[in-house]
Amino acid sequence: MTSLNVPLNNSIELSAPPSLRFENVEFNPFGHRLFGPCSFTLDGPGPTLVMGPNGAGKSLMLRLAHGLLTPTEGAVTWSGTSAPRQAMVFQTPVLLRRSALANLRHALAVNNVPRRLRTELALEALARFGLSSCADTPARVLSGGEKQRLALARAWSLSPAVLFLDEPTSALDPAAIKAVEAAVQEFHKQGTRVVMTTHDLHQARRLAGDVLFLSEGKVQEHTSADIFFRAPVSRHAQAYLNGELVA
Amino acid sequence: MEDNAFYVALSLLVNLDASLYQIVVLSLQVSLLAVLIAATLGFPLGAAVALWQFPGRGGVIVALNALMGLPPVVAGLGVYLLLSRAGPLGELGLLFTPGAMVIAQVILVLPILAALSRQKVEELLGEYREQFVSLGMSRARMMPTLLWDARFALLTVLLAGFGRASAEVGAVMMVGGNIDGVTRVMTTAIVLETSKGALPLALGLGIVLLTLVMAINATAYILSEMAKRRMG
């Protein structure tokens, strides 16, 4: 496993990450309310860890924020005039049936990066995530950890201002988890707004700047990690942290 | 001995009979060209139906699926009417030429390629959709990516189309006319020899045809297995 703690020398500007606002957002396809209504703003330094029991609406919240789903009511807005450049890393990485390098080149191509720059940028991203030796390996025969790192490398190559991660480490071994967490912190240090869901309390403690706690499709609590893990305000979060079953 | 079909098939091949050679080459040319044209049209068509939602989409899918079973003689009749002297495309003078046979086979193969590729692309899209939207890809941009990533499945679809084209006799007979040296292909030759009572020759031709189809399928299988092993 290659260390990801390499010194940074790229050109992403270290400016405040764009802030995200949910205004009375509700998602109720076919009349079934699955999420909301809720309002909150993500404007702290982050990373924001989204926590909550199964079915609480964590993945829905990420998808609404990223624009994969459109809210039935309310609006998702970003600071600035237009939505910032975003990327998402899924629980099961979705990789094309081609080599690792070709996967990154494809992502760069659809983002209109000129052809002559693609290979160089792709190789750079692979190197950063310790995947140089796998450049020509078909993406789908990589190990679980390598696949997730490739998904992170793909996100990295697009230099997003916002990165969403949906339980990226839930199927990985400790070494692979460590690599993913290091990568997440790299993104954060670069000034990317990181929003990540997890079920792993230890992981949340390691990474979180603030915690958004969801339950029953609603935001029950949004506090700094410090407060959340020491003295959670909401009853739901208290029960969750105590390991009780929460609806 | 001369009555044995295998002997006839073997001697046809060994002697490299000139008229047989011509028939085989024409058969392959017509069927391969038809499959090539049908794939160029059918794969994007299948992918488009998989990708876009539009009114009447269900009807298009049902029609494509149903047309997979289009009787060759009906397709042949349609093309015959189009290309006959009095028909709308009669001016082109294509009737009873290999061109007419290609057109008829394209009509037979196109629904197979479009319907099956629609299904394959839709399956793949289910897996890729969120990632594609996340990458900000338009539907038009998704199409080439999906077709390329479904390439192994599409090769099998292509072979199914080729099977239909090479085995087909009714349509090419009607629009080609089975003219010796011009539009005679393996299947029409078999029909002719059978009706003449030259059964060993007909069977021999049949064996040659089967061997050719097998060889093409085997080549495609080996190529795709090799590629699959490489790509995982």
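Biologist: Which residues have the most contacts inside the largest nonpolar core?

Modeller: Those are A104(B), V109(B), L113(B) and V175(B), in a core that has 135 residues. A nonpolar core here is a set of buried Ala, Val, Leu, Ile, Met, Phe, Trp, Tyr and Cys residues joined through C-beta atoms within 7 Å. A residue is buried if 20 or more other C-beta atoms lie within 10 Å of its own, exposed if 12 or fewer, and partly exposed in between, with the C-beta atoms placed from the backbone. Please keep in mind that this is a predicted model, where local features need pLDDT of at least 70 and side-chain atom pairs count only at pLDDT 80 or more, while totals for chains, interfaces and linings use all residues. Residues are numbered from 1 along each chain as its sequence is written, and chains are lettered from A in the order in which they are written.

Biologist: New topic: how many helices and strands does chain B have?

Modeller: Chain B comes to 10 helices and 0 strands, and 39% of its 232 residues count as buried. Its C-alpha trace spans about 70 × 50 × 25 Å along the principal axes.

Biologist: How many residues of chain B are in contact with chain A?

Modeller: There are 15 of them, and they are in contact with 16 residues of chain A. Helix 5 (98-134), helix 6 (139-149) and helix 10 (199-231) of chain B each supply at least two residues of that side, and helix 5 gives the most, with 6 residues.

Biologist: Is helix 2 of chain A mostly covered or mostly uncovered?

Modeller: Helix 2 (residues 100-110) of chain A is mostly covered, since 9 of its 11 residues are buried, among them N103(A), R105(A) and H106(A).

Biologist: What covers those buried residues?

Modeller: The cover includes helix 3 (115-128) and helix 4 (144-157) of chain A, together with helix 6 of chain B. Just after helix 2 of chain A, N112(A) takes a positive phi of about 60°.

Terms used. Contact = placed C-beta atoms within 7 Å. Helix = DSSP H or I, 4+ residues; strand = E, 2+ residues; numbered from the N terminus.
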